[in-house]
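Subject: Structure handover and notes

Hello,

Here is the structure for your files. My notes on it are below the model.

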Amino acid sequence: MKFEDLNLHPTLLKAVADQNYTEPTAIQAQAIPLILKNNDVLGTAQTGTGKTAAFALPILHHLVKEKESQSKTKIRALVVTPTRELAIQIAENFTAYSKYNGIKNTVIFGGVKQMKQVKRLNDGVDVLIATPGRLLDLMGQGYISLKDVGYFVLDEADRMLDMGFIHDIKKLLEKLPKKRQSLFFSATMPNNILKLSNTILYNPKKVAVHQVSTTAETIQQSIYYTNKHDKKALLFHILKNKEIKQILVFSRTKHGADRIVRNLKKNNIQSAAIHGDKSQPQRQKALESFKNNTIRVLVATDIAARGIDIDKLTYVLNYDIPNEPETYVHRIGRCGRAGEQGLSISICEPEENVYARDIEKLIKQKITAIKNHPFPQTDNPMNAQQKKEFEKEKNRKRQEFFANRKKKRNAAGGNNNRNNRR
Ligand code: AMP
């Protein structure tokens, strides 16, 4: 199928050609015709499948057509998404696709001052992309009216619920006009998500793409088995490869991510970390430096990285092996997007060997083990039973730690209260 077959407005086809998209992705081929025919859509798709264009292009098509008969600029399409990174990316997509038709968009999200956002809203926009908190906040202050919204997109619904946005969404739904076209996207469709979709969509058509196995098939995957204490040295060994111009490194923990960055910087490798403890401007700066090649290595935790979109990213490295195989698939799905080449490298210490086996089971293929590297695994790997016991003990210790901390805090809280009363 070609984009030309989709009956999109010529200004959109021109913008798509500028983006060098040659053919629609699976989700685009399924969803665009349905949205053009004014259907509500329930889409199972995650970031990386081309889902943004799947809703942005047909919405823009409707907006361009409507614009021909009315001149006033007002918010006619609203896209709500859980994170600032996603919101910014979606807005970038809308901007690119509106290049030849003058449809205006803006993006609003929390964690930064509202002044600039309010100014852009006052200038007038057709499309608003927002995270829920800031949206409700600016609505409450009277800067935003949703009364003209005819197109509503709820993006990454599962993550929205994970992040506790359900009440915000419900509040928002009350303010939306009843007569509208709604599009609902989620990477997964468990029952609570379906229930939510029922409150938003009218007679929806379903579309689905499952990226989990397809990603794994198109990416060349390799794994280095090593010892825990050799991981740092192994990372430097891997980074000696000059072909790795840029690489996204995953770390399970925030502290781990910071530690990796500190070590890299000590060795003059330009790098930055993004994770939940970094402020919004810090995260944005790190992402931009990576996108414009100022830094070679971006180290991210799973939550921070989910949904970030880096064009033409070839390499992803797992500094540890995730214990949920799906996480591995999401991580490596950051590279080799939309048909580009992708290479994933994993570093596996003995106690993670069982996780590597779980991943191979899920993706139904063996990950190529790199032999003859300077830091081979010599420590004893754990078997599944030992690993289970090890995890149990770790959990017990963790719970003990939190229980103690709670006790201490409660004790301190009691003192504080007494202080307050004084
Ligand atoms: P998304 O899932 O919307 O985050 O898109 C993932 C990436 O695929 C983005 O970099 C898009 O610019 C790109 N993309 C979207 N549609 C296409 C297409 N039809 N052909 C090639 N790349 C695409």
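This is a predicted model: local features need pLDDT of at least 70, side-chain atom pairs count only at pLDDT 80 or more; totals for chains, interfaces and linings use all residues.

Residues are numbered from 1 along each chain as its sequence is written, and side-chain values use heavy atoms, with hydrogens and water left out.

Sheet with β1 to β7

Helices (H or I, at least four residues) and strands (E, at least two) are DSSP runs, numbered from the N terminus. Two strands are taken as paired if DSSP finds at least two bridges between them. On that basis, seven strands make an open sheet with parallel pairing, ordered β3-β4-β2-β5-β6-β1-β7. Its edges are β3 (105-108) and β7 (205-208); each has a single partner strand, so one side of each is left without a neighbour in the sheet. Direction ignored, neighbouring strands of this sheet are turned by 15 degrees against each other on average. Angles otherwise run from 0 to 180 degrees between N-to-C directions, and axes are lines fitted to C-alpha atoms, for helices over the stretch in contact.

Within this sheet, β2 (residues 77-80) and β5 (residues 151-154) run parallel and are joined by four bridges. A77 is opposite Y151 of β5. Helix α9 (residues 191-200) packs on the sheet and touches β1 (41-44), β5 and β6 (181-186), with its direction at about 170 degrees to that of β6. Contact here means heavy atoms within 4.5 Å.

Sheet with β8 to β14

Another open sheet has seven strands in the order β10-β11-β9-β12-β13-β8-β14, with parallel pairing. Strands β10 (271-274) and β14 (368-369) are at its edges with a single partner strand each, so one side of each lacks a neighbour in the sheet.

Strand β8 (residues 219-225) pairs with β14 in the parallel sense over two bridges. S222 is opposite T368 in β14, and the bridge partner of I223 in β14 is A369. Seven bridges join β8 to β13, and the two run parallel; Q221 is opposite S344 in β13. Buried means under 20% relative accessible area, exposed over 50%, and partly exposed in between (1.4 Å probe, protein chains only). Six of the seven residues of β8 are buried, so the strand is largely enclosed by the rest of the structure.

Helix α11 (residues 231-239) lies across β8, β9 (247-250), β11 (297-300), β12 (315-318) and β13 (342-348), and runs at about 155 degrees to β13. Helix α12 (residues 254-266) also packs on the sheet, where it touches β9, β10 and β11; its direction makes about 170 degrees with that of β10.

D158

D158 is in helix α7 (residues 157-162). Its relative accessibility is 7%, so D158 counts as buried. The D158 side chain reaches the backbone nitrogen of A187 at 3.5 Å.

Ligand site

There are 16 residues around the ligand, and Y21, Q28, G48, G50 and T52 come nearest; a residue is included if one of its heavy atoms lies within 4 Å. A polar side-chain atom of Q28 is 2.7 Å from a nitrogen atom of the ligand. A backbone N or O atom of E23 lies 2.9 Å from a nitrogen atom of the ligand, and a polar backbone atom of T49 is 3.0 Å from an oxygen atom of the ligand. Taken alone, the ligand exposes 500 Å², of which the protein buries 89%. Accessible areas come from the Shrake-Rupley method with a 1.4 Å probe.

Regards

Technical notes: A polar contact is a pair of N or O atoms within 3.5 Å; within protein, one must be able to donate a hydrogen and the other to accept it, and residues adjacent in sequence count only if both atoms are side-chain atoms.
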